[in-house]
Amino acid sequence: IVEYENRIRAYSTPDKIFRYFATLKVLNSETSEYEICMTPADFVRSITPGVKQPDGLGLDQFRKFDPKHEDYPELELGEHSIFYKLGQSGLISFSDYILLLTVLSTPQRNFEIAFQMFDLNGDGNVDAEEFEKVQQIVMNQTSMGMRHRDRSTTGNVNKGVSSALSTFFFGPDAKKKLTVENFLDFQLQLQREILQIEFERFVTEPGPNATIKEKEFGAILLAYAGLPDNKKVRMLKRVKKSYKDHSKGITLNEYIDFWKFLKSINDVDTALSFYHLAGVSIDKDDGQLSNKEFVHVMKQRVMRGLEKPKDTGFVKLINAMIKCAIYQTTSMFD
């Protein structure tokens, strides 16, 4: 079932991924209709290969929740969590889900360019209406955005920026302006919280000095690498063997610092190329590093696989066949 869920993450539309990994169906007291929602843990699970969905929950299978008669689920989030900016409960609607995927899969530079496009007076600010256009343009450049289709039958319709997030960005009357610096700070906070949730999933003894084992850190790095399972097992066995007698563990700060390093992986790629380190496979225990394989694995990690095309190649094959048929038909009548 884990392999099946990995294929859903890799090839399904955002609507189907959301419906599969969301665990709650929340009753809206104003409309008396249920809305599908994710917890932050659901969101991280939806983008992390190899993490199994809880038993009894899957595609269009949810726990129904009525805020009038029940307390909101207790979320292991800090008081100032970025997820509370999406709504008082910290839950994630489908529109929020699309926005978060866009924010996570888009480099800072792309947002800076998009903001400049709609910054008519050059002051570096955009209003609420302009931000909707920025979001739409950036989303259309991501693989998730290109594959998204609104599904009114399931209620999974992208309604743009949520009211809570709009208030956070533009104030209660939507009159404030949003600077690119403030938005990039939001992106940074979101990425940090996602990293913390990932990290805490492997922590066995919670606390301010909590650590995860080196093997688990390696497993996180390889999660998006697309390597065969047997190869990953061999690599992780070597890591476990190397730290068997002198394991220190990885702290949360070290984990976040490594992610900061990964943000500059393109610069690292250039630097390694200058030193001619390519050509020796990373999976050989000879103390040498392959530029090509190392950089590929790290790039997949920093992008969480969100930039990959969301199809198996079948759609491309059909499109190619249609083009060939049109070309051949046209040639016959020339």
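**The whole chain**

Start with everything displayed, and keep in mind that this is a predicted model. The chain has 334 residues, and 44% of them count as buried. Colour by secondary structure to see 15 helices and 7 strands. The accessible surface is about 19300 Å², and carbon and sulfur atoms contribute 52% of that. How far apart in sequence are the residues that touch? Taking contacts between residues at least 6 apart in sequence, 69% join residues at least 24 apart.

**Stop 1: helices α10 and α11**

Select residues 214-222, which form helix α10, and residues 229-242, which form helix α11. The two axes come within 8 Å and cross at roughly 150°. Are these helices roughly parallel or antiparallel? Angles over 145 degrees count as roughly antiparallel, and α10 and α11 are therefore roughly antiparallel to each other. Their crossing is right-handed.

Now show the side chains where the two helices meet. From α10, select E214, K215, G218, A219 and L222. From α11, select K232, M235, L236, V239 and K240. Sorted by class, the residues of this contact are 5 nonpolar, 1 polar and 4 charged.

**Stop 2: L227, in the loop between them**

Stay in this region and select L227, which sits in the loop between α10 and α11. Is L227 buried or exposed? The cut-off for buried is under 20% relative accessible area, so L227, at 14% relative accessibility, counts as buried.

Next, display what L227 touches. Apart from its neighbours within four places in sequence, L227 is in contact with L222, K232, M235 and E293. L222 belongs to the α10 side of the helix contact, while K232 and M235 belong to the α11 side.

**Stop 3: helices α5 and α9**

Clear the selection and pick residues 108-118, helix α5, together with residues 180-200, helix α9. These helices pack at an angle of about 150°, and their axes are 10 Å apart. As a result of that angle, α5 and α9 are roughly antiparallel to each other. The crossing of α5 past α9 is right-handed.

Which residues make the contact? On α5 they are Q108, F111, E112 and F115, and on α9 they are V180, F183, L184 and Q187. By class, the contact of α5 with α9 has 5 nonpolar, 2 polar and 1 charged residues.

**Stop 4**

The last stop concerns backbone angles. Most residues other than glycine have a negative phi. Two exceptions can be selected here.

Select D60 first. D60 is not a glycine, yet its phi is positive, at about 60°. Look for D60 in the loop between α3 (40-46) and β3 (63-65). Its relative accessibility is 39%, so D60 counts as partly exposed.

Then select A174, in the loop between α8 (163-170) and β5 (178-179). What is the phi of A174? The value is near 60°, which is positive in a residue other than glycine. A174 has 37% relative accessibility and therefore counts as partly exposed.

Methods. Residues numbered from 1 in each chain as written. Predicted model: local features only at pLDDT ≥ 70, side-chain atom pairs only at ≥ 80, totals over all residues. Heavy atoms only, no water. Helix = DSSP H or I, 4+ residues; strand = E, 2+ residues; numbered from the N terminus. Buried < 20%, exposed > 50% of the residue type's maximum accessible area, 1.4 Å probe, protein only. Contact = heavy atoms within 4.5 Å. Areas by Shrake-Rupley, 256 points an atom, 1.4 Å probe, with all protein chains shown as cover. Axes fitted to C-alpha atoms, helices over the stretch in contact; angles between N-to-C directions. Parallel < 35°, antiparallel > 145°, perpendicular 65-115°, else oblique. Left-handed = near helix turned anticlockwise from the far one by under 90°. Nonpolar A, V, L, I, M, F, W, Y, C, P; charged D, E, K, R; others polar.
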